[in-house]
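Trainee: I would like to go through this model with you. Please show the sequence and structure.

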Amino acid sequence: MPIYLPIAELSVDLFFLLGIGAAIGFISGLFGVGGGFLLTPMLLFAGVPAPVAVASVTAQVVASSTSGALSYFRRGAMDIKMGGYLVLGGIFGSALGVWIFGILSSMGQLDLFLSLGYLLLLGSVGTLMFVESVRAVLKSKKQMTVVRRRQPGQAPWVQRLPLRTRFRKSQLYISIVPVILIGFAIGIIGALLGIGGGFVLVPALVYILRVPGKVVVGTSLLHLLAVMAVTCFLHALQTQSVDTLLAFCLMVGSVAGAQFGASAGQHLPGERLRVLLALLILAIAIRFGLGLLIAPSQLFTLSQLGFGEG
Amino acid sequence: MQNLLRLALFLLVLLPGCALAQIEVVMSNSDPVVAVHSNFRGQAVTLFGSIDPPPGDDGPYDIVVVVQGPPTDWVVREKQRQFGFILNAASVRYDRVPGYYGIFSSRPLEQLGLEELPRFDLTALVASQRTEADDPAFDDEFIRLMSGTGRFSVAERGVAMLSPSAFSVRVPIASNATNGLYLARAFVVANGEIVAEGTTRYTVRTQGFERYVADLARSNPPVYGLATILIALAAGWLGGVLFRR
């Protein structure tokens, strides 16, 4: 059943959209990842124009992080104060990201930037994840229990920064500067690449700020929800490429898929599946890499200038 | 005898002028306002025309119909290998190109014996709208890409002669057609010259829910953005409630 996407100006099969929404929702529920970093590449490969893919996925990330954020909030597993500072940085990062996005788009270099960005991001994350999960599988085969090293304190440069404040939920007394900077950086990446950035934010909070595990996911979801909502709004204002119909189809698929993924995750061998996820991420990274190196059959492209462009 | 000569002279001077002044072409169309629903694959508008008076013994008339849509701006980009990467390297802008340009004729244009006219020649049309004046290499690609999306069309037998004096043209309208006023001009060609010209116009307006969404996104971005965020929040919340384990 074809459905016409008004902003993408493209007819796509409805079940294709629901299908990739559900598949990526399932994966995100299974592994507890956001899914934006898989969804945007899928849309790009399906022929959705890059600005529309990136801008619309921001709306989808809002939907997919809402229910998670709510349930962490109800359980109190969320550091609202730290989340606030993260979001503050994130909003400025997002504004900067959307601005750069517009410049790249008018220069015609958006596709190049997205390919490079995803190649670097997914390549490094995929490699790290692959190495780590293979190691974990090997360890579990040897019947060794994974011993968590006691984490040391923050890096010295984090402790030396001014404007220290107390984050009661995280039991931390640290400067707000690195918190805002981390939010800022994730905001830029999110607005440019169309990802929530949870898979970068969570490690950053854990390894740089030493946020305890019980609040880190909730706090990161709060950041994703708020910053992606702001990014979606800014994309709607500036690039006008948010396709609500596209986002809605993806949301419906992914919200349903995520629930099944989460319940399936309790019965499946998680460590081995992580190897598969790492391979999937690496495959997407390689696909972007090939796109940069192999000349397409069609070298010329045509784009219509909208209001105020050029 | 002298009178006869006078008459012959009179006819010789007057008749061609008479013929030029007298030939008229009247056009009309099937749909003055064409509502295109975005989820349809596209449709067509039919234009009708009549030449008055009908052609005499000097042979049938030929018709060329040119349909022109609202102006649009375009960029053509060429990918090249630079620093080992494939990237958009060169680009050329075309400003105020008709969003639709169709040339329909009752016979192939070369057979009509017309002198080169820019309005019957896509290459000349495109070249005149190019902003970078010195690089014609992109023109052919631009025409090819525009033809591929149905924005340019050339139909060498697109005008059907219903009788020696009546004709019709079917002008396709793609689902991505630019909204606005479309002007159709019919040219009557006899012996390699344009002897009459008539016009008609129609409006293309895409409708439906998808169009409403697209219009809102352009006309009121803040409301559109907020609505999208609210939909996302509602969908996420509802999903959590429906599927709560």
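**Strands, helices and the interface**

Mentor: A:Arg164 stands opposite A:Ser175 in β4(A). This is a predicted model, in which local features need pLDDT of at least 70 and side-chain atom pairs count only at pLDDT 80 or more, while totals for chains, interfaces and linings use all residues. Residues are numbered from 1 along each chain as its sequence is written, and chains are lettered from A and ligands numbered from 1 in the order in which they are written.

Trainee: Over how many bridges do β3 and β4 of chain A pair?

Mentor: Strands (E, at least two residues) and helices (H or I, at least four) are DSSP runs, numbered from the N terminus. Two strands pair if DSSP finds at least two bridges between them. Strand β3 (residues 164-167) and strand β4 (residues 172-175) of chain A are antiparallel, and their bridges number four.

Trainee: Which residue takes a positive phi in the hairpin of β3(A) and β4(A)?

Mentor: Four residues lie between the strands of this hairpin. The phi near 50° belongs to A:Gln171.

Trainee: Is A:Val62 buried or exposed?

Mentor: A:Val62 sits in helix α3 (residues 50-74) of chain A. The test counts other C-beta atoms, placed from the backbone, within 10 Å: 20 or more is buried, 12 or fewer exposed, in between partly exposed. A:Val62 has 30, so A:Val62 is buried.

Trainee: Which residues of chain B does A:Val62 contact?

Mentor: Contact means C-beta atoms, placed from the backbone, within 7 Å. Neighbours within four places in sequence are left aside. In chain A the partners include A:Met228, which is 166 residues away in sequence but 6.0 Å away in space, C-alpha to C-alpha. In chain B they are B:Ile229, B:Ala232, B:Leu233 and B:Gly236.

Trainee: Which helix gives the most to the side of chain A that touches chain B?

Mentor: The contact takes 46 residues from chain A and 44 residues from chain B. On the chain A side, α3, α9, α10 (244-265), α11 (270-293) and β5 (300-304) each supply at least two residues. The most, ten residues, come from α10(A).

Notes:
Two residues are in contact if their C-beta atoms, placed from the backbone, lie within 7 Å.
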